[in-house]
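Open the model in your viewer and keep the selection tool ready.

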Amino acid sequence: MPTYKLIYFNGRGRAEVARYVFALAGAEYEDHRIEFSEWAALKPTMPAGALPVLEVDGARIAQSHAIARYVAREFNLAGDNNLEMAQCDQVLETLVDISNDAAPIGSEKDETKKAELKKSIFQDKIKTKLQYLDNFLAANGGEFFVGKKFTLADVGALFRLDRVIGDFGDDALNNFPKLAVHREKVSKEPKIAAWIEKRPKTNF
């Protein structure tokens, strides 16, 4: 069994989906967290000068989505065949689109303008993608996004939907019942719930 070392800042951020996959797999890894004060010195030593980075027996993998997909494939959580893998990717790419759509919120400092921006982004962009995911989930029976077991798509959705609620409010999923139920189900999966309980409490 390879040894895994996941390097990221002391937060959930771009490493958390990979952490969820490790948790779901019940796999051991080193969750190596660095402080922002350390980053200037470490940045030149990292592939592409960015985090997260996953070390596998010393070999380095960069880019958060590449890392999450690699870990999922390692533990058979990326789909059982090529079609299911592509379906996982469909969900994941939609979640990336939601993240990109919401990104401008973070740079708006004026609270009144930020509230208006949130409303317009949600109405014009986010709702359509949430409806697509709700329908996608329903078409597969409503329990899992892909196949008949948890995959990377399910934990990826948990992470992103938590962010959607954080960005747009507790009622953001009110019109998407399948997504709301699914989010609760994934968060209560015993290994995921145990990780959520034990993980460091951080601001991001």
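Which residues does Phe-168 touch, not counting residues up to four places away in sequence? Select Phe-168 and look for Ala-102, Ile-105, Lys-118, Ile-121, Phe-122 and Ile-126. Contact here means heavy atoms within 4.5 Å.

Some ground rules. This is a predicted model, where local features need pLDDT of at least 70 and side-chain atom pairs count only at pLDDT 80 or more, while totals for chains, interfaces and linings use all residues. Residues are numbered from 1 along each chain as its sequence is written, and side-chain values use heavy atoms, with hydrogens and water left out.

Four of them form an open sheet in the order 2-1-3-4, with mixed pairing. Strand 2 (30-34) and strand 4 stand at the edges with a single partner strand each, so one side of each has no neighbour in the sheet. From one strand to the next, the twist averages 20 degrees. Strands are DSSP runs of E, at least two residues; helices are runs of H or I, at least four; both are numbered from the N terminus. Two strands pair if DSSP finds at least two bridges between them.

Zoom in on strands 1 and 2. They run parallel, joined by five bridges. Pick Tyr-8: its bridge partner in strand 2 is Arg-33.

**Helix 3**

Now select residues 64-74, helix 3. Helix 3 lies across strand 1, strand 3 and strand 4, at about 120 degrees to strand 4. Axes are lines fitted to C-alpha atoms, for helices over the stretch in contact, and angles run from 0 to 180 degrees between N-to-C directions.

Colour its buried residues: Ser-64, Ile-67, Ala-68, Arg-69, Tyr-70, Val-71 and Ala-72. Buried means under 20% relative accessible area, with a 1.4 Å probe and protein chains only. Their cover includes helix 1 (16-25), helix 4 (82-102) and helix 6. Step past the helix to Asn-76, where phi is positive, near 55 degrees.

**Ser-187**

Go to helix 7 (residues 177-188) and pick Ser-187. Ser-187 counts as buried because its relative accessibility is 19%. Its side chain reaches the backbone oxygen of Glu-184 at 2.9 Å.

**The core**

Last stop: the largest nonpolar core, 64 residues. Such a core is a set of buried Ala, Val, Leu, Ile, Met, Phe, Trp, Tyr and Cys residues joined through side-chain atoms within 4.5 Å. Select Leu-51, Leu-54, Leu-130, Phe-145, Val-155 and Phe-168, which touch the most other members. Helix 6 (residues 152-168) gives the largest share, 10 residues.

Key:
Buried means under 20% relative accessible area, exposed over 50%, partly exposed in between (1.4 Å probe, protein chains only). A polar contact is a pair of N or O atoms within 3.5 Å; within protein, one must be able to donate a hydrogen and the other to accept it, and residues adjacent in sequence count only if both atoms are side-chain atoms.
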